[in-house]
Amino acid sequence: MHLAYPAVLAALLFCTGLYGVLARRNAILVLMSVELMLNAVNLNLVAFDVWLRDTLHAGQALTLFTIAIAAAEIGIGLAIVLMVYRNRGTADVDKLRDTAEGHEPDSATGAAA
């Protein structure tokens, strides 16, 4: 197997995830895009591990650590998004500038009241 095939697929996955992070407004879709980027990294780690014929399988071990970190990240991220949605009524990232409750910006000066 050529190394170019999984590398191109991983690059496409990573670019799709990067577009999702930069273009999406919904926080859950942003988290899904981050997961897509992490899966592209995992694909590269395993592909280079097979290509280099590493006897220690360091790429596969790093992939397991990445999967564990991604699972923790998505668990904490979804919990935060759900709490923000319950408190604010929206998961739109653009509308969540001020995280403090009751501090609406003053329309004349733009400063917090």
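Me: What makes the crossing of H1 and H2 left-handed or right-handed?
Reply: H1 passes H2 in a left-handed crossing, which means the near helix is turned anticlockwise from the far one by less than a right angle (clockwise would be right-handed). This is a predicted model, where local features need pLDDT of at least 70, side-chain atom pairs count only at pLDDT 80 or more, and totals for chains, interfaces and linings use all residues. Residues are numbered from 1 along each chain as its sequence is written, and side-chain values use heavy atoms, with hydrogens and water left out.

Me: Why is H1 called roughly antiparallel to H2?
Reply: Their axes come within 8 Å and cross at roughly 165 degrees. Angles over 145 degrees count as roughly antiparallel, so H1 gets that label relative to H2.

Me: Which residues of H1 meet H2?
Reply: Among them are Leu9, Leu13 and Phe14 in H1, and the H2 side includes Val34, Met37 and Leu43; contact means heavy atoms within 4.5 Å.

Me: Why is Arg53 called exposed?
Reply: Exposed means over 50% relative accessible area, buried under 20%, and partly exposed in between (1.4 Å probe, protein chains only). Arg53 has 72% relative accessibility, so it counts as exposed. Arg53 sits in the loop between H2 (27-52) and H3 (58-88), with phi near 55 degrees, a positive value.

Me: And what makes His57 partly exposed?
Reply: His57 has 40% relative accessibility, so it falls in the partly exposed class. His57 also lies in the loop between H2 and H3, and its phi is near 55 degrees. Most residues other than glycine have a negative phi.

Methods
Helix = DSSP H or I, 4+ residues; strand = E, 2+ residues; numbered from the N terminus. Axes fitted to C-alpha atoms, helices over the stretch in contact; angles between N-to-C directions. Parallel < 35°, antiparallel > 145°, perpendicular 65-115°, else oblique.
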